[in-house]
Amino acid sequence: MASIVDIDQSKLYDELRLKFTLVGPEMSPYAGKKVRCTFFLTPDYPRNCPSLYVDDDLYHVNVNSKTNKVLFKRLLPKNWFDGIRLLQLIIEFLRVLRQPESINYFPSVPGNKERYNQFKDDTGNYIKIAEM
């Protein structure tokens, strides 16, 4: 079972960044690994969706290979509403770590199309790289 290891309120900077650490979910290439992340909140959060970044390199379809920004449907502005809470986004991210979402939602993200094609066409090799 995946869990949140740490949400350190002393790491709340200017009330716009929240750092936290997860343990990768079972049945994923990240099982048992600590994954450090940061939410960047806009001044008008929760009316606008936050951005989520992985603080370390993470080989995953839904993590931008250039910026480490996490991309999944719930984090798209068109799918956002102010009733969504950060904990819900963390749970959704854990789900996405187990089962990547289609890159078709993010066609403008360079580098991730290759990861998605590898995940789709050569899952075994994708998992080996992700486990490193």
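**Helix packing and loop residues in a predicted model**

The axes of helix 2 (residues 112-121) and helix 3 (residues 123-131) approach within 5 Å and cross at roughly 125 degrees. The model described here is a predicted one. Two packed helices are described by the angle between their axes and the distance between the axes, so both values are given for this pair. An angle from 65 to 115 degrees would count as roughly perpendicular, and one over 145 degrees as roughly antiparallel; helix 2 and helix 3 are therefore oblique to each other. On the helix 2 side, the contact is formed by R115, Q118, F119, K120 and D121. Their partners in helix 3 are T123, N125, Y126 and I129. Sorted by class, the residues of this contact comprise 3 nonpolar, 3 polar and 3 charged.

Among contacts with a separation of 6 or more, 48% come from residues 24 or more positions apart.

The relative accessible area of C49 is 16%; because buried means under 20%, C49 counts as buried. Setting aside neighbours within four places in sequence, the contacts of C49 are T42, L75, L76, P77 and W80. C49 can also be related to D82: the two residues are 33 positions apart in sequence, and their C-alpha atoms are 7.8 Å apart in space. P46 is found in the loop between strand 3 and strand 4 as well. The peptide bond leading from Y45 to P46 is cis, and its omega is near 15 degrees.

A polar atom of the N62 side chain lies 2.9 Å from the backbone nitrogen of E101. N68 also lies in the loop between strand 4 and helix 1. The backbone of N68 has a positive phi of about 70 degrees, although this residue is not a glycine. With a relative accessibility of 13%, N68 counts as buried.

A positive phi is found at M27 too, with a value of about 60 degrees, and M27 is likewise not a glycine. The location of M27 is the loop between strand 2 (17-23) and strand 3. The relative accessible area of M27 is 79%; since exposed means over 50%, M27 is classed as exposed.

Methods:
Residues are numbered from 1 along each chain as its sequence is written. This is a predicted model: local features need pLDDT of at least 70, side-chain atom pairs count only at pLDDT 80 or more; totals for chains, interfaces and linings use all residues. Side-chain values use heavy atoms; hydrogens and water are left out. Axes are lines fitted to C-alpha atoms, for helices over the stretch in contact, and angles run from 0 to 180 degrees between N-to-C directions. Helices (H or I, at least four residues) and strands (E, at least two) are DSSP runs, numbered from the N terminus. Angles under 35 degrees count as roughly parallel, over 145 as roughly antiparallel, 65 to 115 as roughly perpendicular and the rest as oblique. Contact means heavy atoms within 4.5 Å. Ala, Val, Leu, Ile, Met, Phe, Trp, Tyr, Cys and Pro count as nonpolar, Asp, Glu, Lys and Arg as charged, and the others, Gly among them, as polar. A polar contact is a pair of N or O atoms within 3.5 Å; within protein, one must be able to donate a hydrogen and the other to accept it, and residues adjacent in sequence count only if both atoms are side-chain atoms. Buried means under 20% relative accessible area, exposed over 50%, partly exposed in between (1.4 Å probe, protein chains only).
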